Amino acid sequence: HSAVIVRHADPIVRRALTARLRGLCRAHRVALLVAGDWRAAVVFNCDGVHLPEVTLNHVTPGLRLWRRSKGIIVTAAAHSARALRCARAQHIDAVLLSPVLPTASHPDRLALGRVRYAMMARTARVPVVALGGITRTTVRALNGTRTSGVAGIGFALS
């Protein structure tokens with residue numbers, strides 16, 4: 001399965017992008033999730049929401065109700081073992097664990113590295129999507145790890 005996560009700091013821009021992508025994603029059978037704004041995901045009839053790591057302990061009753069009534073997808077960012085435990089406790093569908101490797105989009109973040117990433121993915125008890133430094137070449141480093149998928153900001157694996 002494929003998904004697009006609309007992520008922008010400005011809520012007006014984020015909602016405009018969501019509106020523009022909704023039809024395109026539907027036409028190509030790609031799930032559309034909105035990062036950090038479940039209300040926008042409701043308004044635009046999206047397939048789900050992507051939560052920042054800092055909100056994992058504070059899943060709102062409104063989001064829980066929407067999730068139960070619509071069967072939507074909820075993913076979350078994770079950068080630590082603690083976040084993986086929170087994601088499991090909140091019944092998150094998948095986590096984007098990052099950064100796996102050094103990445104140009106977040107040069108200040110210390111990469112997990114293949115060994116630490118593999119250990120965290122193996123013990124996560126929730127599907128793990130690798131994010132950060134994933135390219136056509138580096139994706140091979142994920143062989144043998146418990147990875148459910150890959151994600152990226154500025155890459156293509158075709």
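Predicted model: local features only at pLDDT ≥ 70, side-chain atom pairs only at ≥ 80, totals over all residues.

Student: Why is S98 called buried?

Tutor: Buried means under 20% relative accessible area, exposed over 50%, and partly exposed in between, with a 1.4 Å probe and protein chains only. S98 has a relative accessible area of 7%, and therefore S98 is buried. The residue lies in the loop between β5 (94-97) and α5 (114-123); helices (H or I, at least four residues) and strands (E, at least two) are DSSP runs, numbered from the N terminus.

Student: Which residues are in contact with S98, leaving aside its neighbours within four places in sequence?

Tutor: With contact meaning heavy atoms within 4.5 Å, the residues are A78, H79, L112 and L131. As for V128, 30 residues apart from S98 along the chain, the two C-alpha atoms are separated by 9.9 Å.

Student: What makes A78 a buried residue?

Tutor: The relative accessibility of A78 is 0%, so A78 counts as buried. A78 lies in strand β4 and, not counting residues up to four places away in sequence, touches E53, A83, L84, V95, L96, L97 and S98. From V4, A78 is 74 residues apart in sequence and 18 Å apart in space, C-alpha to C-alpha.

Student: What volume does the largest pocket have, and what makes a set of grid points a pocket?

Tutor: On a 1 Å grid over the protein atoms alone, a pocket is an open set with protein on both sides within 12 Å along at least five of seven lines, whereas a cavity is a set of points where a 1.4 Å probe fits but cannot get out; lining residues have an atom within 4 Å of a point. Grid points are joined across faces, edges and corners, and the volume is the space filled by probe spheres set on the points. On that basis the largest pocket has a volume of about 1300 Å³.

Student: Which residues line the largest pocket nearest its centre?

Tutor: Of its 46 lining residues, I5, L96, L131, A151 and G152 lie nearest the centre. Several strands each supply at least two lining residues, among them β1 (3-6), β4 (73-78) and β6 (128-131). By class the lining has 23 nonpolar, 18 polar and five charged residues, where Ala, Val, Leu, Ile, Met, Phe, Trp, Tyr, Cys and Pro count as nonpolar, Asp, Glu, Lys and Arg as charged, and the others, Gly among them, as polar.

Student: What makes a set of residues a nonpolar core, and how many residues has the largest one?

Tutor: Such a core is a set of buried Ala, Val, Leu, Ile, Met, Phe, Trp, Tyr and Cys residues joined through side-chain atoms within 4.5 Å. The largest has 38 residues, and V49, L51, L63, I92, V95 and Y117 have the most contacts inside it. Helix α4 (residues 81-89) gives the most to this core, with four residues. Beyond four places in sequence, L51 is in contact with residues including V59, L63 and I92.

Student: How do you know that the side chains of T145 and T147 make a polar contact?

Tutor: A polar contact is a pair of N or O atoms within 3.5 Å; within protein, one must be able to donate a hydrogen and the other to accept it, and residues adjacent in sequence count only if both atoms are side-chain atoms. The pair of T145 and T147 is at 2.7 Å, and a polar atom of the T145 side chain lies 2.5 Å from the backbone oxygen of L142. T145 is found in the loop between β6 and β7; its relative accessibility is 15%, so T145 counts as buried.

Student: Which residues does a cis peptide bond join?

Tutor: The cis bond joins S98 and P99, with omega about -15°.

Definitions and conventions
Residues numbered from 1 in each chain as written. Heavy atoms only, no water.
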